[in-house]
Amino acid sequence: MNLISLERKWIYCPYCGAKHSIYDDTAECHGVFLKCVRGCKREFELVIKDGEQVVKK
Ligand SMILES: [Zn+2]
C-alpha cells in the first residue's frame with residue numbers, strides 16, 4: 001500500500017463498464033454503494049483493496 005498518492009484511476013460500473021468517479025491508489029473502500037449514472041443506472045458496491053477496484057456483482 002502506498003502512503004503517497006501516485007496514480008488516479010477510474011471507478012467503473014461492474015455491470016456495464018461505464019466510468020463513475022476517480023480514486024487514487026491510496027484508497028481503501030468497502031460498504032459504499034454507488035449508482036451507475038452514466039450507464040445502466042444500477043447500484044453496485046464500491047470495493048477498493050490495495051488501491052485496485054475489486055469488481056464483485
Ligand atoms: Zn452501469
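The protein contains 0 helices and 5 strands, where helices (H or I, at least four residues) and strands (E, at least two) are DSSP runs numbered from the N terminus. Along the sequence the pattern reads β-β-β-β-β. The model is predicted: local features need pLDDT of at least 70, side-chain atom pairs count only at pLDDT 80 or more, and totals for chains, interfaces and linings use all residues. Residue numbers start from 1 along each chain as its sequence is written.

The C-alpha trace spans about 35 × 20 × 15 Å along its principal axes. Of the 57 residues, 9% are buried, that is, 20 or more other C-beta atoms, placed from the backbone, lie within 10 Å of the residue's own.

An open sheet of 3 strands runs in the order E3-E4-E5 with antiparallel pairing; two strands pair if DSSP finds at least two bridges between them. Its edge strands, E3 and E5, each pair on one side only. The residue ranges are as follows.

| Strand | Residues |
|---|---|
| E3 | 29–35 |
| E4 | 43–49 |
| E5 | 52–53 |

E4 and E5 pair in the antiparallel sense over 2 bridges. Glu52 in E5 is the bridge partner of Lys49.

Conventions: Buried ≥ 20, exposed ≤ 12 C-beta atoms within 10 Å, placed from the backbone.
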